[in-house]
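Dear colleague,

Please find the structure below, together with its sequence. My notes on what was found in it follow.

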Amino acid sequence: MKYDKEMYLDSGIYGYGDEDISCHKEKIVKCRKTHECCTCNKEIKIGENALHESGFMDGEVVNAYTCIECIEEWLEESGQVELDEE
Ligand SMILES: [Zn+2]
(Lines give C-alpha, C1' and ligand atoms only; values in the text may rest on other atoms or scores of the structure.)
Protein backbone atom coordinates (compact mmCIF):
# COMPACT_ATOMS: atom_id res chain seq x y z
CA MET A 1 0.00 0.00 0.00
CA LYS A 2 1.49 3.28 -1.16
CA TYR A 3 -0.72 5.72 0.74
CA ASP A 4 -2.18 6.24 4.18
CA LYS A 5 -4.90 3.87 5.17
CA GLU A 6 -7.34 6.77 5.52
CA MET A 7 -6.87 7.61 1.85
CA TYR A 8 -8.21 4.23 0.90
CA LEU A 9 -11.08 4.43 3.32
CA ASP A 10 -12.12 7.92 2.20
CA SER A 11 -11.44 7.36 -1.49
CA GLY A 12 -15.11 7.66 -2.49
CA ILE A 13 -14.49 5.13 -5.22
CA TYR A 14 -18.15 4.15 -5.48
CA GLY A 15 -19.59 7.56 -4.85
CA TYR A 16 -21.83 6.20 -2.12
CA GLY A 17 -22.20 7.94 1.17
CA ASP A 18 -23.42 6.73 4.49
CA GLU A 19 -26.86 8.01 3.54
CA ASP A 20 -27.02 5.54 0.64
CA ILE A 21 -25.89 2.50 2.55
CA SER A 22 -27.23 1.76 5.99
CA CYS A 23 -24.88 0.27 8.56
CA HIS A 24 -22.13 1.19 6.15
CA LYS A 25 -18.76 -0.09 7.23
CA GLU A 26 -15.51 0.25 5.39
CA LYS A 27 -12.24 -1.20 6.44
CA ILE A 28 -8.97 -2.45 5.11
CA VAL A 29 -8.75 -6.16 5.63
CA LYS A 30 -6.21 -8.82 5.01
CA CYS A 31 -8.04 -11.51 3.09
CA ARG A 32 -8.36 -14.82 4.83
CA LYS A 33 -9.80 -16.36 1.69
CA THR A 34 -9.83 -15.30 -1.91
CA HIS A 35 -12.28 -12.65 -3.06
CA GLU A 36 -13.12 -11.10 -6.37
CA CYS A 37 -12.46 -7.40 -6.71
CA CYS A 38 -15.81 -5.78 -7.49
CA THR A 39 -14.15 -3.20 -9.73
CA CYS A 40 -11.68 -5.15 -11.90
CA ASN A 41 -12.92 -8.71 -11.17
CA LYS A 42 -9.40 -9.85 -10.45
CA GLU A 43 -8.82 -12.33 -7.71
CA ILE A 44 -7.63 -10.92 -4.43
CA LYS A 45 -5.41 -13.55 -2.92
CA ILE A 46 -5.16 -14.81 0.62
CA GLY A 47 -3.01 -12.48 2.70
CA GLU A 48 -3.47 -9.50 0.41
CA ASN A 49 -5.04 -6.29 1.57
CA ALA A 50 -8.38 -5.19 0.23
CA LEU A 51 -11.05 -2.65 1.03
CA HIS A 52 -14.07 -4.38 2.47
CA GLU A 53 -17.41 -2.63 2.45
CA SER A 54 -20.53 -3.90 4.02
CA GLY A 55 -23.98 -2.62 4.79
CA PHE A 56 -27.46 -2.58 3.30
CA MET A 57 -28.66 -0.73 0.26
CA ASP A 58 -32.27 -0.84 -0.92
CA GLY A 59 -32.82 -3.89 1.22
CA GLU A 60 -29.91 -5.74 -0.34
CA VAL A 61 -26.83 -6.80 1.51
CA VAL A 62 -23.69 -5.07 0.38
CA ASN A 63 -20.58 -7.14 0.82
CA ALA A 64 -17.91 -5.93 -1.53
CA TYR A 65 -14.16 -6.24 -1.78
CA THR A 66 -11.98 -3.92 -3.81
CA CYS A 67 -8.33 -4.53 -4.46
CA ILE A 68 -5.73 -1.99 -3.40
CA GLU A 69 -4.60 -1.36 -6.98
CA CYS A 70 -8.07 -0.27 -8.02
CA ILE A 71 -8.24 2.20 -5.19
CA GLU A 72 -4.77 3.54 -5.92
CA GLU A 73 -5.72 4.01 -9.54
CA TRP A 74 -8.87 5.83 -8.50
CA LEU A 75 -6.98 8.06 -6.06
CA GLU A 76 -4.56 9.00 -8.82
CA GLU A 77 -7.22 9.50 -11.46
CA SER A 78 -9.40 11.61 -9.26
CA GLY A 79 -6.46 13.78 -8.24
CA GLN A 80 -6.61 12.94 -4.56
CA VAL A 81 -2.92 12.18 -4.44
CA GLU A 82 0.00 14.10 -5.82
CA LEU A 83 1.99 12.23 -8.38
CA ASP A 84 5.69 12.82 -8.51
CA GLU A 85 5.94 12.98 -12.27
CA GLU A 86 5.96 16.37 -13.92
ZN1 LIG B 1 -9.40 -4.43 -8.52
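**His 52 and the zinc site**

The side chains of His 52 and Asn 63 are joined by a polar contact of 2.6 Å (a pair of N or O atoms within 3.5 Å; within protein, one must be able to donate a hydrogen and the other to accept it, and residues adjacent in sequence count only if both atoms are side-chain atoms). This is a predicted model, in which local features need pLDDT of at least 70 and side-chain atom pairs count only at pLDDT 80 or more, while totals for chains, interfaces and linings use all residues. Residues are numbered from 1 along each chain as its sequence is written, and side-chain values use heavy atoms, with hydrogens and water left out.

His 52 is placed in strand 4 (residues 49-57); strands are DSSP runs (E) of at least two residues, numbered from the N terminus. His 52 counts as buried because its relative accessibility is 13% (buried means under 20% relative accessible area, with a 1.4 Å probe and protein chains only).

The zinc ion has as protein donors the SG atoms of Cys 37, Cys 40, Cys 67 and Cys 70, at 2.2 to 2.3 Å (donors are N, O and S atoms within 2.8 Å of the metal, or 3.2 Å for Na, K and Ca). Cys 37 lies in the loop between strand 2 (35-36) and strand 3 (43-44), and Cys 67 in strand 5 (residues 60-67), so this pair ties together parts 30 residues apart in sequence. Cys 37 is buried, at 0% relative accessibility, and Cys 67 is likewise buried, at 6%.

Kind regards

How values were computed
Helix = DSSP H or I, 4+ residues; strand = E, 2+ residues; numbered from the N terminus. Buried < 20%, exposed > 50% of the residue type's maximum accessible area, 1.4 Å probe, protein only.
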